[in-house]
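Dear colleague,

I am handing over a structure that you have not seen before, and my notes on it follow below. Please read them with the model open beside you.

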Amino acid sequence: MTFSLLHATDFADRLLYKIIPPLKAGMVVLADRYAYTAFARDVTRGVDRQWVRELYSFAVRPDLSLYFRVPIDVSVDRLVARRIKLKFYEAGMDLGWSTSPVESFKLFQGKVLEEYDHLVQEFGLQVIEAAGSITEQQRLVRMLVSQQVQMTRGIEISDDESI
Amino acid sequence: MTNPSDAPAPEQPGANGQSLTGRYYGRGIPYLPIDEYPGKLFVVEGTDGVGRSTQIQLLREWLEVKGYGVVETGWTRSPLMQPTIEIAKSSNTLNKLTFVLLYATDFADRLEKEIIPALKAGFVVLSDRYIFTALARAGVRGVDRQWLRNLYGFAIAPHIVFYLNIDVKTLSRRVLESRGMDFWESGMDLKTGDDIYDSFRTYQRSLLREYNSMADEFHFRVVDARRSIDRIQDELRRQVAAYLEPAEKPTEPALAR
């Protein structure tokens, strides 16, 4: 519960200071993770599914949400290759499912991925298969983003804004 | 369906007309089921400076003399959150949402680590303030009431909630006589004015209105806090004894014949 609530507090702070003001100013906000991370991770930790959704009901619904999906083994290989040591909470070590960080990571993140699959349906997340080449992923991302941006392109400077 | 001992029909989140006493108000904590436990949770609620801590102190001594194990818990006393809350209060970055969520985190920590374990171990838990303080403070600041009730759906409905009721005039004098008016307790963050005395009165008046509006919803036992410490204590003891003692009889050992 405290894990979930602390993240919600951090999120609320960033939402009110870093996300809503630029949106009001007509700018594009890129968020690395959003409330969906909490939905997947907190539920895996045993928090009530509906409760956490209601908790985050103050969040702004994104115009576009991209979900980079990878099989769990690819995820582990990438992390292990890059920095060797898996973080305690990231590996779900607090749940005591396994004493081996890699084993625990696989069990925990495996469950997290299952939750994400539900979220794809529920919130209409755009899935990007992230096991493939970076260039291809980026092409797809640019295509999806440009569709969104074109609709809102060209913010007009209105006359009542004095310089 | 309805519990005959609860005269006014309870209207609490998560259940319709069912007494939730001792159980989760709403969705609860799925990984911490609390079906059966021997402990009791008594809450003393009331606004700042109304005399809660004094009453809890006296209640604790009395209960311990009677042989009960007592655990005390109080607002923002969680070891996890207390330093964070102090830092946040001293900076200017807190807004009503982060304020509410920090308090909720503190409460969740104490619930999981202190209150629930103590109840399971058969202690009487005396809580100096409970979620109602959070609901009142956030309500005054315009946070959505339904959202707040969902948020605190992981709280346990106490066995008894004593609400120490007072009027703003008596409260102002009592606070000024003891430690003086403080920034947050005067609602200075709401910026209703620069004068702390006026702000205190305006803020506390709205807080009292919030508390009073919850009295039926959460079955407050309203206690007139304008009376002397001893008279208030007598009333609390009478009600606590009435609650604890009938429940004890079946387990009392048979007396020598």
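Arg129(B) sits in the loop between β3 (124–128) and α4 (131–140) of chain B, where helices (H or I, at least four residues) and strands (E, at least two) are DSSP runs numbered from the N terminus. This is a predicted model, in which local features need pLDDT of at least 70 and side-chain atom pairs count only at pLDDT 80 or more, while totals for chains, interfaces and linings use all residues. Residues are numbered from 1 along each chain as its sequence is written, and chains are lettered from A and ligands numbered from 1 in the order in which they are written.

Arg129(B) has a positive phi, near 75°, although it is a residue other than glycine. Is Arg129(B) buried or exposed? Arg129(B) is buried, with 23 other C-beta atoms within 10 Å; the term buried applies if 20 or more other C-beta atoms lie within 10 Å of a residue's own, exposed if 12 or fewer, and partly exposed in between, with C-beta atoms placed from the backbone. Lys191(B), which is not a glycine, also has a positive phi, of about 55°, and lies in the loop between α6 (168–178) and α7 (196–214) of chain B, but Lys191(B) counts as exposed, with 8 C-beta neighbours inside 10 Å.

Turning to the contact between the chains, 20 residues come from chain B and 18 residues from chain A, two residues being in contact if their C-beta atoms, placed from the backbone, lie within 7 Å. On the side of chain B that touches chain A, α3(B) gives the most, with nine residues.

With best regards
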